Amino acid sequence: MVKSKGKSGFRFLTSRSVVHSKRRLASTSVPARNIIAIAEEKISRLPNGLTVASVDLGGPVAQLVVAYRAGTRYEMPDEAGLVHHIRNCIGGDSQRYYGAQLLWQCGSAGAVVNGMMTRDLLAVQMSVIRDRAPVGLSLLGELAQPAFKPWDIEDFKETLRIDRNYLKPYDMLVEDLHDAAFRNGSLGNYLYAKEESIGKFSHRKMEKFATSQMVTGNAVIVGVNIPHDQILDYASSQFTLPEGSSVSPKPSPYYGGEKRHKHLMKEAHVAIVGKGASLKSLKSVAVQAVLSAAIGQGAAVKYAAGVGQGAVTKAIFKASSGYPFGISAISEVYADEGLAGIYIVSEADHIGPLCDAAIKAVKSFTIDDSALQAAKNIATMNILNRAESTENVALDRAAQILATGKTETVSNLLQAVASVNMTDITK
C-alpha cells in the first residue's frame with residue numbers, strides 16, 4: 001500500500017534514488033579521505049553547450065561522470081520503459097569501438113563502470129586510478145554514447161527481466177509512490193520497464209530519444225580528483241557528442257493520492273509522504289534533511305532493543321504493542337520537486353494501527369530545542385557519511401548542475417543545516 005498525502009515537507013547530499021547497472025571490473029581499494037576539505041571547484045561551459053565541472057580533493061581515485069537530462073521523466077506516454085532499455089545498452093558497442101574492447105580496456109586501467117538512471121538523469125560513472133584518468137575519460141566518452149545496434153539490444157533484453165526479478169519490496173513501493181504522488185506527471189513515470197514493454201523498442205526508437213536528449217546542451221562532464229584543465233581539454237577537443245540545445249523538464253507538480261499494490265507476502269510496506277524540497281533551494285533541502293531526522297530514524301545499532309530516533313518513530317513504537325516493525329525516512333529531491341515522509345514495514349495484520357499512529361504524529365508534530373539539535377546532528381552525520389564517497393560527490397554535482405547550472409558544496413549544505421530553526425521545521 002502506498003499513501004501520499006498532506007502538504008508538509010525532505011535529497012541532494014542526503015540521499016538520491018539512483019539505479020545502477022555495473023559492467024565489471026577491477027577496483028582499487030583506497031583509504032577514506034576527508035572530502036569536505038577546502039578545494040577549488042570549477043565549472044566551464046563550452047560554445048557547443050556542454051558543461052564541464054571538476055573538484056580536485058587530492059584523492060588517488062578519480063571519479064568521472066557523463067550525465068544527461070534523459071531520465072524517465074523525459075519519456076513520452078508511449079515510451080514507458082525506454083530509458084531502462086537505454087541504460088542497459090551502456091557497455092555495448094559505440095559507433096567506433098566494440099563494447100567488449102571498451103570493457104577490456106576499462107579492466108586494463110583498473111576501472112569500475114556503472115550505468116545509472118533516475119527520474120531526472122541518465123548517467124555513466126567511472127572510478128579509475130588518478131594516473132589513468134586520461135584513458136578513463138576517453139573510454140567513458142565512448143561508453144556514454146551507445147550505438148544501439150540491433151544485436152546488442154536483443155542481447156541486453158534479458159537483463160531488463162533480471163533487473164525486475166531483483167526488485168525488492170521497497171523498490172516497488174517507491175515506484176508506486178511516485179505514481180501516486182505525481183499522478184499523470186512525468187515524475188510519476190516508472191524507472192523500470194514493465195514486463196509487457198520489455199523488448200518492444202527498436203534501435204531507431206532509442207536513436208531518436210538519444211538524438212533529442214543525449215546532446216551537448218543537456219550534458220555535463222564532472223570529474224573529482226582530476227585537474228580541471230585535463231577534463232576541459234578532453235571535452236573541448238576529443239569528446240564528440242552531438243550538438244543540441246538544452247531541454248528543460250516539463251513541470252510535474254505534486255498532487256498526492258493513494259495507491260495499493262497487492263502482493264503475496266507476509267509483510268506490508270507503507271509509504272506516507274508529502275511535498276518535499278527541490279534542488280533549486282539549498283535552504284529547503286537543508287530543512288528537509290533535518291525534518292527527516294526529526295520525524296523518524298531507525299535504531300543506530302543492528303538488533304538493538306531501542307526504538308530509534310524521532311517523534312513519529314516513538315509514536316509507532318507505542319502503537320506496535322511489542323510487534324516488530326521497521327521505519328525510516330523517505331527523502332527524494334529532484335530538479336523542481338521532491339517528496340518527504342516515512343516508510344513503515346511490519347506484518348500485514350498489524351500495519352493498520354502503526355499507520356494511524358504515524359499519521360496522527362505527523363499532524364501533531366512539534367519539536368523542542370533539544371530534539372531540534374539532535375535532529376540537526378543526525379542530519380549532519382547523514383550528509384557527511386554520504387559525502388565520504390567521492391562517487392556520490394560527482395553524481396550530486398552532476399545533478400545540481402543540470403538542475404540549477406551551479407553546484408553547492410558540502411560545507412554550504414552543512415551551514416544551511418546549522419541555520420535551520422524551529423519555525424523552518426514546523427511551518
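**Close-up 1. Lysine 149 and aspartate 93 are both buried.** Buried means under 20% relative accessible area, exposed over 50% and partly exposed in between (1.4 Å probe, protein chains only). This is a predicted model: local features need pLDDT of at least 70, side-chain atom pairs count only at pLDDT 80 or more, and totals for chains, interfaces and linings use all residues. Residues are numbered from 1 along each chain as its sequence is written, and side-chain values use heavy atoms, with hydrogens and water left out. Lysine 149 forms a salt bridge with aspartate 93, with 3.4 Å between the closest N and O atoms. Lysine 149 sits in the loop between α3 (133-143) and α4 (150-165), and aspartate 93 in the loop between α1 and α2 (99-108), so the pair ties together parts 56 residues apart in sequence. A salt bridge here is a side-chain nitrogen of Lys or Arg within 4 Å of a carboxyl oxygen of Asp or Glu. Helices (H or I, at least four residues) and strands (E, at least two) are DSSP runs, numbered from the N terminus.

**Close-up 2. Arginine 73 pairs with aspartate 120 in a salt bridge.** The structure holds 20 salt bridges. In this one, the closest N and O atoms are 2.9 Å apart. Arginine 73 lies in the loop between β5 (61-68) and α1 (82-89), and aspartate 120 in the loop between β6 (112-117) and β7 (122-129), so the bridge ties together parts 47 residues apart in sequence. Both arginine 73 and aspartate 120 are buried.

**Close-up 3. Lysine 275 meets glutamate 337 in a salt bridge.** The N to O distance is 2.7 Å. The pair links distant parts of the chain, 62 residues apart: lysine 275 is in strand β10 (residues 267-275), glutamate 337 in the loop between β11 (325-333) and β12 (338-347). Lysine 275 has 31% relative accessibility, so it counts as partly exposed. Glutamate 337, at 8%, counts as buried. Elsewhere, salt bridges that share partners join Arg73, Asp120 and Asp336 into one network.

**Close-up 4. Helix α1 packs against helix α6 (residues 203-213) at about 95°.** Their axes are 11 Å apart. α1 is therefore roughly perpendicular to α6. Axes are lines fitted to C-alpha atoms, for helices over the stretch in contact, and angles run from 0 to 180 degrees between N-to-C directions. Roughly perpendicular covers 65 to 115 degrees. Leu82, Val83, His85, Ile86 and Cys89 in α1 meet Lys205, Met206 and Phe209 in α6 (contact: heavy atoms within 4.5 Å). By class, this contact has six nonpolar, one polar and one charged residues.

How values were computed. Parallel < 35°, antiparallel > 145°, perpendicular 65-115°, else oblique. Nonpolar A, V, L, I, M, F, W, Y, C, P; charged D, E, K, R; others polar.
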